[in-house]
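This report describes selected features of the structure shown below. Please read it alongside the sequence.

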Amino acid sequence: MSIDGQSMPGPGAPARETSVPATRRAVIVGGNRIPFARAGGAYAKSSNQDMLTAALDGLIARFGLQDERIGQVAAGAVLKHSRDFNLTREAVLGSALSAETPVYDLQQACATGLEAVVGLANKIKLGQIESGIAGGVDSASDAPVVVSEGLREVILDLNRAKTLPQRLQILSRLRPKDLAPLAPGTSEPRTGLSMGEHQALTTAQWKIAREAQDELALNSHRNLAAAYDSGFFDDLMTPYRGLTRDGNLRADTSMEKLAGLKPVFGRSLGADATMTAGNSTPLTDGAATVLLASDEWADARDLPKLAAVVDAEAAAVDFVHGKDGLLMAPVFAVPRLLARQKLTLADIDYFEIHEAFAATVLSTLAAWEDEEFGRTRLGLEGAFGSIDRSRLNVHGSSLAAGHPFAATGGRIVATLAKMLHAKGNSDGRPARGLVSVCAAGGQGVVAILESL
Amino acid sequence: MTDTYTRLVSDGPGRNIAKKLGLPQPAALRRYEPGQALLTGPVVVQGSTPGADKLAAELLSWDLDVRRHPVPAEKLGAIILVLDEVEHPGDLEKPVLAAAASLRDLRPGGRVITVSRPASEASSPAAAAARQGVDGFLRSLAKELRAGATGNGVLLANGVEPTSPSSLGAIRFFLSGRSSFVDGQFLEVSSAAGALPADTDKPLAGKVAVVTGAARGIGAQIARTLYRDGATLVLVDIPAAGEQLAAVANEVRATALQLDISAADAGQRIIDHAVQRHGKLDIVVHNAGITRDKLLANMDQARWSSVININIAAQLRINEALLASEHFRSSPRIVSVASTSGIAGNRGQTNYAASKGGVMGMVRATAPIVGARGGTINAVAPGFIETEMTARIPFAVREIARRLNSLQQGGLPSDVAETIAFLASDAAGGINGEVLRVCGQNLVGA
């Protein structure tokens, strides 16, 4: 591989020819999350640390991990206060785990939770740790509000000033506009476009119909509601602050109700605008955790083993120059991952494709089904393929559950692990699941899990 | 802890004022803490039978000061009246009057315990009269005792010695601070089964116990008490109570199982969880219960059926699964929470009382089935217990309800929990099909 960027293979080519054989398995014992709340709702007064601690404590109670020294806890938040530089460590110290549990914080936008799972699974496979808890949390309600750049510079300069005249001179630089606080933006720094506006461009490029988006959103709500009704989440969730179900879930929504919503993104497209509040994820608060272990560690504690983390792949796209859509990185990551594992889409029993927007999922599927895209962008002989839609997000996904950015990976991994375990072996092979999470900055992380 | 009024009249000027006005003067009860001495002061064992001699000898081995004849003016911890061989009401006179002479020397929080036999098994009308006489005697004496002292009776089935494991277990329970709100009650020992614990502070060591309704109130306290006594716990409550359940589980190092006990497969899921995570299942405490109070004239189907479903139908279904399971065969223990409402009735609680009466009927009928497996099933019937639930009763009604018992105060969740812990222990292995009230000798529904 050349270090000259121009001669590097395109994003569709395999990243490397050989894979390092894993020394042992990393298994998913189970997970716990708190119900996700709409921003400004039940968790309006809860901090990231509060929510992550609650999610950890529920996991500890479910699996009897009180005073346990976990090999490592890895978690993060996307919207993070500067004071929370040790967010995960503080949450662990406030939890029932041993205070001797080491942690690290990480941040990979919406892929934070999945990347935490992958990182800890790799450490377990390498024998560096025996157990790990991967997690993620986000609060859109308790978001950091920062001072303006002008005020910040004045404060820092004041701190450095030594004499009164110096201080007065510095203060005189202050202008009224500097006093206005800045709320966190969700727009991409290099394009100035919000994630929704970026997706609207992709949606238009792939000609994703409004009805198709609404239908995907409807399925998400129906599937999630059915999962709740069947008790599916009883051992995946611990209520928090009076909330026992995801606050965003609308079990009674319908195509008519969804069709009545006005577009909120891509309005410059006029009549072609298709993305509404109904087929886009809302801002959400919540936290999720996943317990990972070596076989030995799980067996010694008589813990269940639901699934193994088989492999993972990250990808990024050049959305800045418009080469690909902002949220299209998984489109490239999945073919590379499946090729490395010598698998095809037909070998996957369950697809968990994060619903940042209904159109994100549909654009991804459209790209995979497109002959020319397969040839020119993925380096394949034709289309990558299509998936059996009955295998997609079968217990609902982010459109219904909500999407507290860093918590989504943990939600999906624990849900999928339970589904795979329930399906178990068939046709002489374990059940396989694919997780795909797109992220800000044109990134994406995907992973394969396998039933145990 | 205790209610404000009890604190107010326990000492200082409040005590004098209450005394002058003739107001109730509830005493602060002697409650068990690990490491605490079984009793302060000597025990007088009255009675001249071989059983009395053997019991006195056994009590000596508990490091108690045992007297066969009271020393004048010596303050006593307890008086035990061994009446195991009374054949005629006239036989009661000598031991009873001997005990009477010592009553004024009983220390605060003292104990009077009768050891006798059930009238139902008497061989003659005279023996039955004597045995039943003990019942009336003890219940009246318990109402005369003051300063937190209690009186309770152990009934030994014919052939069961006063020194049998569960006789000793019951006597030890009644002597201790574990039974502080149990007053004026009889507990029957039906067999010589059972074993005294190696460590009296950890009587449940090595046991795996399930507690339903463990997220709050009495259930949470049962979890704490069983944990303190050495048990490994599985705590069950409905998914919606998961946050509180997790907090209790983390406090007592348990595993939390979010489960609706009225689900058809609840019993199997409880067994599966206990066996997978803890290797076995020894004790099940059916504590989960709800109230949906309404006068019968205003009762609707939802209120009636939900109470019956959760409070008794679920227990029946779970017991069926337990009794069918190969994992519940080694000295299994079931303890159910009934209620004095189910005994005496309570206005506005027809549904609740039906369900709790049902619990007692179920316990008695299940006893032979569990007994055949070497296990036991028993119930506790709490009276007025200070909980979040009773705190919502209007003040005047609450104040009357909590004073209407011999101890003139409400019990604490821990009082219920201590009794359950005892019934779940090996020391209670000879006690089966019993309903023990934890009510401070409530004046109604005796």
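## Helix H6 of chain B

In H6(B), the buried residues are Pro165(B), Ser166(B), Ser167(B), Leu168(B), Gly169(B), Ala170(B), Ile171(B), Arg172(B), Phe173(B), Phe174(B) and Leu175(B). The helix is thus mostly covered, with eleven of its eleven residues buried. A residue is termed buried if 20 or more other C-beta atoms, placed from the backbone, lie within 10 Å of its own, exposed if 12 or fewer do, and partly exposed in between. Helices (H or I, at least four residues) and strands (E, at least two) are DSSP runs numbered from the N terminus.

The buried residues of H6(B) pack against H3, strand S3 (76-82), strand S4 (106-116), strand S5 (150-156), S6 and helix H14 (413-424) of chain B. Contact between two residues requires their C-beta atoms, placed from the backbone, to lie within 7 Å.

## Basis of the model

This is a predicted model, in which local features need pLDDT of at least 70 and side-chain atom pairs count only at pLDDT 80 or more, while totals for chains, interfaces and linings use all residues. Residues are numbered from 1 along each chain as its sequence is written, and chains are lettered from A and ligands numbered from 1 in the order in which they are written.

## Domains of chain B

Chain B is assigned domain 1 (29-189) and domain 2 (208-438); such bounds come from an automatic or database domain assignment. The C-alpha centres of the two domains of chain B are 29 Å apart. Across the boundary, 25 residues of domain 1 of chain B are in contact with 18 residues of domain 2 of chain B.

On the side of domain 1 of chain B that touches domain 2 of chain B, the elements giving two or more residues are helix H5 (125-144), helix H6 (165-175) and strand S6 (186-189) of chain B. H6(B) provides the largest share of this side, five residues. By class, this side has twelve nonpolar, eight polar and five charged residues. Here Ala, Val, Leu, Ile, Met, Phe, Trp, Tyr, Cys and Pro count as nonpolar, Asp, Glu, Lys and Arg as charged, and the others, Gly among them, as polar.

## Nonpolar core

The largest nonpolar core has 262 residues, and those with the most contacts inside it are Leu292(A), Leu449(A), Ala223(B) and Leu235(B). Helix H1 (residues 48-63) of chain A gives the most to this core, nine residues. A nonpolar core is a set of buried Ala, Val, Leu, Ile, Met, Phe, Trp, Tyr and Cys residues joined through C-beta atoms within 7 Å.

Apart from neighbours within four places in sequence, the contacts of Leu235(B) include Val211(B), Ala214(B), Ala223(B) and Leu245(B).

## Contact between the chains

In the contact of the two chains, 17 residues of chain A meet 17 residues of chain B. The side of chain A that touches chain B comprises seven nonpolar, five polar and five charged residues.

## Residues with positive phi

Most residues other than glycine have a negative phi. Asp302(A), in the loop between helix H9 (295-300) and strand S9 (307-316) of chain A, has a positive phi near 55 degrees. Asp302(A) counts as partly exposed because it has 13 C-beta neighbours inside 10 Å.

Asp63(B) also has a positive phi, of about 65 degrees, although it is not a glycine. Asp63(B) is found in the loop between helix H3 (50-60) and strand S2 (66-67) of chain B. With 10 other C-beta atoms within 10 Å, Asp63(B) is exposed.
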